[in-house]
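Please look over the model below before reading the points.

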Amino acid sequence: MDLLEYQGKQFFASYGIPVSAGEACQDVDTAVAVANRVGYPVVVKAQVHTGGRGKAGGVKLAANEEEAREHATNILGLDIKGHIVKRLWIEKASDIAEEYYMSFTLDRSAKKHLGMLSAEGGMDIEEVAASTPEKISKIWVDPVDGLTDELAAQWVDEANLNPQAREGAIEIAKQLYTAYTEGDADLCEINPLILTPEGKVHVLDSKVTLDGNSEFRHPDYQQYDETQTRDEREEAAHAKGLQYVGLDGSVGVIANGAGLAMSTLDVINQVGGSPANFLDIGGGANADVMSGALEVINDDPNVKAIFINIFGGITRGEEVANGILEAMKRVKIDAPIVIRLDGTNAEEGRAILAPELNDMLMMETTMLDAARRASELAAG
Ligand code: GDP
Ligand code: MN
């Protein structure tokens, strides 16, 4: 669950982390009223689920009411990387002496929480990580031990921040770690964390991802559901009861069972292809389910080939084969399909498909060969 900047700041504030006073709004007149209430100068900020808003013209300082109106008018409706701005956050503007970066996330391979801190904040941290990785101070926190005072201080000292920022940064590091762990977050990022000319350390931006599975512990997280932006493909698939996750590649994937669907993605990657999605059709591979799945995959313009990977269990091979053929009559498919059918009554299923094969419907016996064929077709 991704939070908007202002939601992330309210989340931070509930753990005592210093943020600027402000209010969210959705139209120009309210924006002006809010700006008047907050007091000038203010920052008018686009609230969208993407970063780089500053560069896209979505973050503007306003010295007076006239400027606040102008910026609110321009930012509302702005397209930032495909996200249309429908909400603004207006906060008291801060004076900035220095901009830092601080975050916590999970390092799965280390089985620890990873904290990153850099004196080079404000800009793209990926860029800092790529060009000057030594400028990011990292700590790995064992979830059992937690972030001790000692570790927090050591981390901050290694980052070479302005000495004036030391105490404030240590305090925020501990608060951020608490917010991240107690709040069941997958990511808590502050960029920039600023040092003001008065020597205060303060949050200027937030990026927070919460674990949606923890909602039972945090009933208030339900409020974030309504502001979620979901992948259109995912919406369509979920409406059909399919387990679907959109990806960036060109091989559409239909598999039965989450485990098989995940291995299918791995195998496609292994042969040099790139999956367009994860899609688990679950237990029943009948014509209705298969049609729904094919519709969703077919609607994705990036899909250049489709890999149907079915292991018959309770659903027998001939039912699967008939389901696929029936679904192909219902949905006009634009991309070639490669089928791998195995498991219960696979022979019978393959025999049903065999006479129907052509250059839009192909069959392979192994998962690896099918993945290779689909990936080659997708590559053109
Ligand atoms: P992002 O571009 O989406 O990461 O949005 P940010 O909230 O990080 O804002 C982008 C940049 O705008 C920051 O790095 C700051 O340099 C600047 N900015 C944001 N808020 C303020 C503010 O209160 N005062 C000043 N002077 N600059 C600000
Ligand atoms: Mn930022």
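The numbered points below take up aromatic pairs, a helix, nonpolar cores and the ligands.

1. Basis. This is a predicted model, in which local features need pLDDT of at least 70 and side-chain atom pairs count only at pLDDT 80 or more, while totals for chains, interfaces and linings use all residues. Residues are numbered from 1 along each chain as its sequence is written, chains are lettered from A and ligands numbered from 1 in the order in which they are written, and side-chain values use heavy atoms, with hydrogens and water left out.

2. Aromatic pairs. The structure holds 8 aromatic pairs. Rings of Phe, Tyr and Trp (its six-membered ring) pair if their centres lie within 6.5 Å; planes under 30 degrees apart count as stacked, over 60 as edge-to-face and the rest as tilted. Y6 and W89 form a stacked pair, because their ring centres are 5.8 Å apart and their planes stand at 15°. Y6 belongs to helix 1 (residues 5-13) and W89 to strand 6 (residues 88-92), so this pair ties together parts that are 83 residues apart in sequence. Helices (H or I, at least four residues) and strands (E, at least two) are DSSP runs, numbered from the N terminus.

3. Burial of that pair. Y6 has a relative accessible area of 9% and is buried; W89, at 4% relative accessibility, also counts as buried. Buried means under 20% relative accessible area, exposed over 50%, and partly exposed in between (1.4 Å probe, protein chains only).

4. A second pair. The rings of F104 and W155 have centres 5.2 Å apart and planes at 50°, so they count as tilted. F104 sits in strand 7 (residues 98-107) and W155 in helix 5 (residues 149-158), 51 residues apart. Both F104 and W155 are buried. Ring pairs join F104, W155, Y177 and Y180 into a cluster.

5. Nonpolar cores. A nonpolar core is a set of buried Ala, Val, Leu, Ile, Met, Phe, Trp, Tyr and Cys residues joined through side-chain atoms within 4.5 Å. The largest has 38 residues, of which F11, F12, F104 and L210 touch the most other members. Elements that each supply at least two residues of this core include helix 1, strand 7 and helix 5. Helix 6 gives the largest share, 8 residues. Another core, of 31 residues, lies apart from it and includes A335, I339, L361 and M363.

6. Manganese. Which protein donors does the manganese ion (ligand 2) have? They are N191 (O) and D205 (OD), lying 2.2 Å from the ion. Donors are N, O and S atoms within 2.8 Å of the metal (3.2 Å for Na, K and Ca); water is not among the atoms, so sites may look incomplete. N191 is in strand 10 (residues 185-195) and D205 in the loop between strand 11 (201-203) and strand 12 (207-210), so the pair ties together parts that are 14 residues apart in sequence. N191 is buried at 13% relative accessibility, and D205 is buried at 17%.

7. Ligand 1. Among the 16 residues around ligand 1, K45, R53, G54, S94 and E99 come nearest. A residue is near a molecule if one of its heavy atoms lies within 4 Å of it. A polar side-chain atom of R53 lies 2.8 Å from an oxygen atom of ligand 1. For an N or O atom in the side chain of E99, the distance to an oxygen atom of ligand 1 is 2.9 Å.

Key: Polar contact = N/O pair within 3.5 Å; in protein donor to acceptor, adjacent residues only side chain to side chain.
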